[in-house]
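This report describes selected features of a protein model. Please keep the sequence and the structure in view while reading.

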Amino acid sequence: MKSIKVTVCVCTHCIMNGAMDIIESVESLKKLKYEIRHNAKIGVDTEVLHTEHDHTASCPVVKIDGEVIERATNEQVMSKILSIIRK
Amino acid sequence: MRGIYTPVTKIRRQVFSEIARLAFEGWDHDKVEELPYKIITGEVPQYRDSIFKERAIVGERIRLAMGLPLRDVNENAPVSKGLDDDMLINQTYEMPLVNVIPFACNACDETSFMVTDNCRHCLAHPCVSVCPVGAISFQSDRTVIDKEKCLKCGRCRDACPYSAIVKYERPCAAACGVNAIGSDHLGRAKIDPEKCVACGQCIVSCPFGAISDKSQLFQLACALKNGENIIAEVAPAFVGQFGPAATPEKVKAALKEVGFADVVEVAVGADIGTLEEAHHYAKEVSTGEARFLATSCCPAWSVMAKNTFPEIGEYMSQALTPMVATAREIKKKDEKAKVCFIGPCSAKKLEAMRRSIRSDVDYVITFEELMGIFVAKGTDFGQIEGLPMCDAAEEGRGYGVSGGVAQAIASAVHKLYPHVDVKMDKAEGLQNCKKMLALAKAGKREGYLLEGMACVGGCVAGAGTLQPINKATVAVNKFKTQSPIELVPDKK
């Protein structure tokens, strides 16, 4: 079974820019196991992530299996996770 | 829409952060005029047909966030018109609280039924058979509902085997539990201030971000910058609102870091009200002296109840709301302190505007607006050392979720009057609250404790919250069980 690690930055700026909603949308993928036919384990962590660029301009920041996504949106994160699952 | 992060949410929160930043860094009229350009950058519109329109709308949002009224579209006026030191010192604002920005409104059609492309022009056409007024007809290529005749009963929708008929509702009006939203002469949403209870659900339901409420965020931030003695009272729904790293203890520390003199849980006032209502229930409701007892801590619910069912107004709890009770406790200990209520909704802003309460509560902001302050001040919850937070009992802390108020009162009744059984009913959402009161008026809730919440889920679902409702509910319930304080019975 594939295991995907998602880390969402929960610093003040990222929270203000929708980090908690991103967490929610990632967790919602777990409920779609049947519909999207995935057999992957999706783990969601929260911590303050550091970026190469100015964090306030990059937020919200999400890391998926080591890959950093800046200015992340719900749809971008979900789409990335699904693309990893379907490889 | 509610609970989904969209560009509307993004703009709303950007305005709060920038307003707070402006206040802390020192403002002048020129800087206010620059704000729309700071929030909406570039020359290509991202959200609407014109970048100038985007900036104009943001300009009005900025005004509302500063507690200023909307500008007249016909008037050539700067964004900062009306902003002066006097307005900052007085810190109050004028009605209406909740405003539609007219040129941001998409003038959505009011409620109607319409036929979609799902229609297969079937042989059976049960939609025609069930319509009591013959409003459905077939034209050459489509099926049409005559809106002049249509009763909006929904029978055609229910009968269609292809789900081709849909009920189209204007989102803001559909979210409004008191039918306060109509249309102006151009078909744009218009709020009736006589009916509006400021629950804020229209604000978070409008997909065009055309509705916003006024705020004291700017006045508060200026006052904090000036070192005024302001004590924060945080509503029980605050737990988890600022992210997983922001524990209640860290929130308290952060509030002091941004300039509040102290922090008190509003659950203190909730505990006071719980005891009062427990005594009232046991002595008057369970004995049959009073028909029932309806809680009153949700101002949107209590205003709706008094407006819609004035004949049962005497059965609304007369206890002070937790916000006011806590504020009075704070001012008993420190007469010169100002009090800032930090809560989940705009209804509390309306409550605090009442003349009888203005002297108790000086500022009201939402969690979202407070987050703007934290962003502006660069608060880092990862680094802050928390401060102990144990002002209130489990009962008061539970007020933030649906059912929590009734549970708290029932718990107190059991402790004080073990022989008394508590009959309870609760309703979430103003439409359901109306149904519950209709039952009560009809005599079907005699001897009951009735809890009403304007927001589905309770206060954690308020329009000014940041956290998803399910997580917020878990967080509040967990925090309440950690209270070391026992609800102390008084000597009544």
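Predicted model: local features only at pLDDT ≥ 70, side-chain atom pairs only at ≥ 80, totals over all residues.

## Helices across the sheet

What joins strand β9 of chain B to strand β12 of chain B? Five bridges link the two strands, which cover residues 230-234 and residues 338-343 respectively and run parallel. Within this pair, Ile231(B) is found opposite Val339(B) of β12(B).

## The contact between the chains

How many residues of each chain are in contact with the other chain? On the side of chain A there are 13, and they touch 26 residues of chain B. In chain A, the residues that lose the most area to chain B are Thr12(A), Met16(A) and Met20(A), which together account for 44% of what that side buries.

The size of an interface is often expressed as the accessible area that is lost when the parts come together. Between chain A and chain B the buried area is about 1,500 Å², and carbon and sulfur atoms give 61% of it.

## The largest pocket

The largest pocket holds about 680 Å³ of space. It is lined by 26 residues, of which Asn17(A), Cys59(A), Pro60(A), Tyr5(B) and Lys10(B) are the closest to its centre. Two or more lining residues come from each of α1 (12-16), α3 (55-58) and α4 (74-85) in chain A, and from α1 (7-25) in chain B.

Which element gives the largest share of this lining? That element is α1(B), with seven residues. Sorted by class, the lining of the largest pocket contains ten nonpolar, nine polar and seven charged residues.

## Cavities

A probe the size of a water molecule, rolled over the atoms, shows where empty space is left. A search of the whole structure finds eight cavities of 30 Å³ or more. The volume of the largest cavity is about 250 Å³. Among the 23 residues in its lining, those closest to the centre are Cys297(B), Cys298(B), Pro344(B), Lys348(B) and Cys459(B). Helices α13 (322-333) and α14 (347-352) of chain B each supply at least two residues of this lining. By class, the lining of the largest cavity has 19 nonpolar residues, three polar and one charged.

The second largest cavity contains about 160 Å³ of space. Its lining has 18 residues, and Arg2(B), Gly3(B), Ile4(B), Thr9(B) and Arg12(B) are the closest to its centre. In chain B, α1 and α8 (201-205) are the elements that give two or more residues to this lining. The largest share, four residues, comes from α1(B). The lining of the second largest cavity divides into nine nonpolar, five polar and four charged residues.

Conventions: Residues numbered from 1 in each chain as written. Chains lettered and ligands numbered in written order. Heavy atoms only, no water. 1 Å grid on protein atoms, 1.4 Å probe; cavity = no way out; pocket = protein on both sides within 12 Å on 5 of 7 lines; lining within 4 Å. Points joined across faces, edges and corners; volume = space filled by probe spheres on them. Nonpolar A, V, L, I, M, F, W, Y, C, P; charged D, E, K, R; others polar. Pairing = 2+ DSSP bridges. Contact = heavy atoms within 4.5 Å. Buried area = accessible area lost by both parts, 1.4 Å probe.
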